[in-house]
Amino acid sequence: MLTKSSTELVRKRNSVLVLSVLRRHGALAHTEISDFTGLSSATISAITADLERAQIIEKSEQQAASGRGRPRVLLRQRRDCGYLIVVIISSDAVQYSLVDYAGKLIDRFSEERSHDPSGAARFMEGVRAGLSRILDRSRISQEKVLLISISSKGLVDSTEPVLIWSPIFGSDQIDFESALRPDWQTKVILDNETLLVAAALGAREEIAKGADFRSLAALSLGHSIGLGIVRRGGQTGQEVSAPNFGHMLHMAGGGLCRCGTRGCIEAYAGFYAILRSAFEVPLDTIPAKFVPVAELDKIAAKARQGHRTSAFAFRQAGLALGNGLSRMLSLTERMPIAITGPGTRYYDLLRQGIEEGLGQSHIVRMEGMPEIRIVPEESILVFEGHLNRALSVIDQDIVISGVQGGD
């Protein structure tokens with residue numbers, strides 16, 4: 001016999017399922033929701049009535065293409081149910097986006113990130129100002145913000161919104177939730193940027209391939225080197241992780257990395273590493289914190305014109321990436337690799353080294369070279385990953401905190 005508490009748990013789980021189906025497929029009719037969820041018509045009626053009464057979803061009518069007959073009644077999220085703020089921290093800028101509950105972008109702006117030696121405290125002052133500014137521009141009250149979703153390169157706490165280490169702030173940890181108190185009481189989540197990229201690519205793959213999708217790795221090339229891995233999960237959905245790939249050992253006692261260690265993959269494949277190698281700067285030189293893409297473009301142009309030292313810098317970077325990927329595949333499984341980030345513009349120069357490094361792996365020699373795709377629109381994928389994760393968290397929180405069932 002089901003107890004009252006277990007019945008309530010099932011109802012909330014089913015409510016989240018209905019909201020997730022609306023997220024994935026858009027506005028749907030009652031029968032379509034039933035088909036996608038596998039829930040009975042009576043259960044769907046009860047859940048959608050509760051969600052509509054709580055002003056989480058709303059009805060709309062869609063006239064038939066012929067213009068005849070009764071219009072279809074569709075259910076969809078109420079855009080004004082609440083709002084999400086997305087904060088994307090990159091090497092040279094911070095982007096703020098305001099999104100409504102239906103996932104529609106309302107406003108966006110970017111601010112250059114100053115390389116101020118005062119560090120994290122000054123940075124958080126700018127973040128607080130940016131959050132206030134994006135609300136003021138749309139005249140939305142702070143109480144209507146359901147979640148703040150933040151991303152950065154680096155090491156992220158898996159349970160709390162704490163940036164443990166980053167190429168921007170080094171070992172200066174930032175607890176975003178604490179840093180935003182007492183001005184903000186809103187829930188804050190933090191994710192590794194490349195993890196969000198992998199999650200977005202995995203969501204696309206699952207839509208395209210369905211049950212045939214197994215796994216995929218996303219390799220981000222740029223000022224930093226990141227890796228995200230997404231695997232098809234069970235009932236809990238996809239499993240996504242972001243191993244500390246850029247700071248895996250490539251060569252013992254090798255080039256100095258921004259993390260302070262010697263010989264990391266990033267110390268050979270990051271933009272600063274390619275710059276250092278192309279100008280034959282000693283490997284123990286302190287790495288540049290930020291290298292403009294225009295500088296890499298100049299080195300790439302020389303490499304394509306046959307300049308040996310410039311071409312060697314890209315080949316060495318590719319070799320470090322290929323060696324790292326070969327180890328990753330040996331520890332996991334053979335999977336497609338999507339290469340993304342600003343470094344994709346140099347893939348023609350990196351390719352030989354990447355394939356050479358991969359070819360040194362036993363699994364690649366036995367099973368062949370993995371599929372490699374170039375996906376340059378990293379910024380779009382980061383934002384998609386934010387929306388997929390953050391709106392799912394919002395849906396669960398809304399259901400848990402308050403949809404009341406009818407008598």
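These legends walk through a predicted model, from the whole chain to two close-ups. Residues are numbered from 1 along each chain as its sequence is written, and side-chain values use heavy atoms, leaving out hydrogens and water. Local features need pLDDT of at least 70 and side-chain atom pairs count only at pLDDT 80 or more, while totals for chains, interfaces and linings use all residues.

View 1. Helices (H or I, at least four residues) and strands (E, at least two) are DSSP runs, numbered from the N terminus. Of the 407 residues, 48% count as buried, that is, under 20% relative accessible area with a 1.4 Å probe, protein chains only. The C-alpha trace spans about 75 × 50 × 50 Å along its principal axes.

**View 2. Ser15 sits in helix 1 (residues 4–25).** Here you will find Ser15 buried, with a relative accessible area of 1%. Leaving aside residues up to four places away in sequence, Ser15 touches Ile47 and Val399; contact means heavy atoms within 4.5 Å.

**View 3. Strand 9 (residues 162–165) pairs with strand 8 (residues 155–156) and with strand 10 (residues 174–175).** Two strands pair if DSSP finds at least two bridges between them. Strands 8 and 9 run in the antiparallel sense over two bridges, and a hairpin of five residues joins them. Look for Leu155, whose bridge partner in strand 9 is Trp165. Strands 9 and 10 also pair in the antiparallel sense over two bridges, with Val162 opposite Asp175 of strand 10.

Technical notes: Buried < 20%, exposed > 50% of the residue type's maximum accessible area, 1.4 Å probe, protein only.
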